[in-house]
Amino acid sequence: MDGVLASEIKPAPGLRAFFEKTQAFHGTAAFLGGFFWDAATLRRIDQLFDNFLLFVYLAFLGFCLVLSIRLDRGRGVPAWATKRREALQTLVHFFFGGLFSAYLIFYFKSASLSKSFLFVLVLAGLLLANEYGRKHLAEGRVQLLLYYFCLFSFFLYFIPVVTGWMGRGVFITAGVLGGLGVWLVFRLAGEVASFRFSEARTVIGIRFADCGALFAVLGILYWMGVIPPVPLSLVHAGIYHAVVPGNPHYRLTQEAPPFWNLWSHDDRDFEYQPGDEAYCFTAIFAPKGFELSIWHRWEWWNEKQGKWEESDRLPFRVSGGREGGYRGFTTKRKLRPGRYRVRVVTGDGDELGVLPLRVRVKSEVSRKWKVIEY
């Protein structure tokens, strides 16, 4: 070899060689590791420490955005910020990633696998875009819009956690507080002080018009039922042949499935004999201090008319604070063969989940039962 003795060439250590070979996957590994770390460490949506940590993220993210605006405008910033503009943007993406990851976990728990799951997909898209599309999210206008979205998403669930209230008033309050947060960023960045100049008025007007348009879109999604009803979540739901309440456990009885059917945990494929009743059991998590009505809306599929018809609407009260969710059940006595579904909704009509049910007549007399304690 030219000018180099073969004996002078030393193989790279195993760990270093592995690091160099897998360098292209480090970003993905860090992204997945951070997400699963949040999934493991974020305990409950009403925990003080978890919400304090997210509030700190929002505060530091706002501070970084203030510095970015001041740098763009040529205003005074600390010396370290002037020399580390790229590091400042890295911090911005770090805080966005932490917030989107936490919101994805919290909102996923509240979403049903129907309309409201769309909002969870939006959060997942923002999380991926923050990780893999940083160039497109580095523009100040986009970052302020995302900051407004983060503030809104935080207050939308945090206000109910603190007050026990839900509904349109909370939605509007979350939007207003998000707008105040964006205004505070402008104020600290010196934009409001220069509001007398036409350029500053135009910039601020465009930014708040962006936030207003986003709030209007979120309002449409809220009206359509797409936004999950945080901080509530459906912890457990199932259809059974019998439910016996008790303390500390409820006894849930289902027909014993074949030994190979390991995934069956209830009687959604309901085999009916005369005298049978179907029980819909749910456990719903709500923060401490919550008192609200939950409805089980039993619906039957009318094949002739090709639509769902409501057969029963049965309510019960939920009290918040129980780790495994507040347990309740309703009973359907008059069954006929066909398809059913039970929609679990709040008093305001927000959907927490949907349980499919198919009723079939069973001629066999003997049956084996499986009892689950919850």
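**Figure 1. Salt bridge between R360 and D269 in the predicted model.** In this predicted model, a salt bridge brings together the side chains of R360 and D269, with an N to O distance of 3.1 Å. Because R360 belongs to strand β10 (residues 351-361) and D269 to strand β4, the pair ties together parts that are 91 residues apart in sequence. Both partners are partly exposed, R360 having a relative accessible area of 39% and D269 one of 43%. A further group of residues, E299, R341, R343 and E351, is joined into one network by salt bridges that share partners.

Figure 2. E373 and R251 form a salt bridge in which the closest N and O atoms are 3.6 Å apart. This pair links distant parts of the chain, since E373 is in strand β11 (residues 369-373) and R251 is in strand β3, 122 residues away. R251 is partly exposed, at a relative accessible area of 40%. R268 pairs in turn with D266, and here the closest N and O atoms are 2.7 Å apart. R268 counts as partly exposed at 33% relative accessibility, whereas D266, with a relative accessible area of 13%, is buried. The count of salt bridges comes to 14.

**Figure 3. The largest nonpolar core and the surroundings of Y107.** The largest nonpolar core holds 59 residues, and Y103, Y107, L156 and Y157 are those with the most contacts inside it. Two or more residues each come from α3 (48-73), α5 (85-110), α6 (117-132), α8 (140-163), α9 (168-189) and α10 (198-224), and α8 gives the most, with 14 residues. Beyond residues up to four places away in sequence, Y107 touches F119, V120, L123, S153, L156, Y157, I227, P228 and V230. A second, separate core has 24 residues, including I239, A286, F316 and L357.

Figure 4. L88 is located in helix α5 and is buried, its relative accessible area being 2%. When neighbours within four places in sequence are left aside, the residues in contact with L88 are C64, L67, S68 and L71. The C-alpha atoms of L88 and S68 are separated by 7.7 Å, although these two residues are 20 apart along the chain.

Figure 5. The peptide bond from V230 to P231 is cis, with omega near 5°, and P231 lies in the loop between α10 and β1 (233-240). A cis peptide bond also joins N247 and P248, where omega is about 20°; P248 is found in the loop between β2 (242-244) and β3.

**Figure 6. A nonpolar patch on the surface around L262.** F259, W260, L262 and W263 form a nonpolar surface patch, and together they have about 650 Å² of accessible area. L262 sits in the loop between β3 (251-255) and β4 (269-272), and at 70% relative accessibility it counts as exposed.

Figure 7. The protein chain averages a pLDDT of 83, and 80% of the residues score at least 70. Over residues 1-12, however, pLDDT stays under 50, and the model has three contacts beyond four places in sequence for these residues.

Definitions and conventions. Residues numbered from 1 in each chain as written. Heavy atoms only, no water. Patch = residues over 30% accessible without salt bridge, like charges linked within 9 Å, V, L, I, M, F, W, Y side chains within 5 Å. Areas by Shrake-Rupley, 256 points an atom, 1.4 Å probe, with all protein chains shown as cover. Salt bridge = Lys/Arg side-chain N within 4 Å of Asp/Glu carboxyl O. Helix = DSSP H or I, 4+ residues; strand = E, 2+ residues; numbered from the N terminus. Buried < 20%, exposed > 50% of the residue type's maximum accessible area, 1.4 Å probe, protein only. pLDDT = per-residue confidence, 0-100. Contact = heavy atoms within 4.5 Å. Core = buried A, V, L, I, M, F, W, Y, C linked by side-chain atoms within 4.5 Å.
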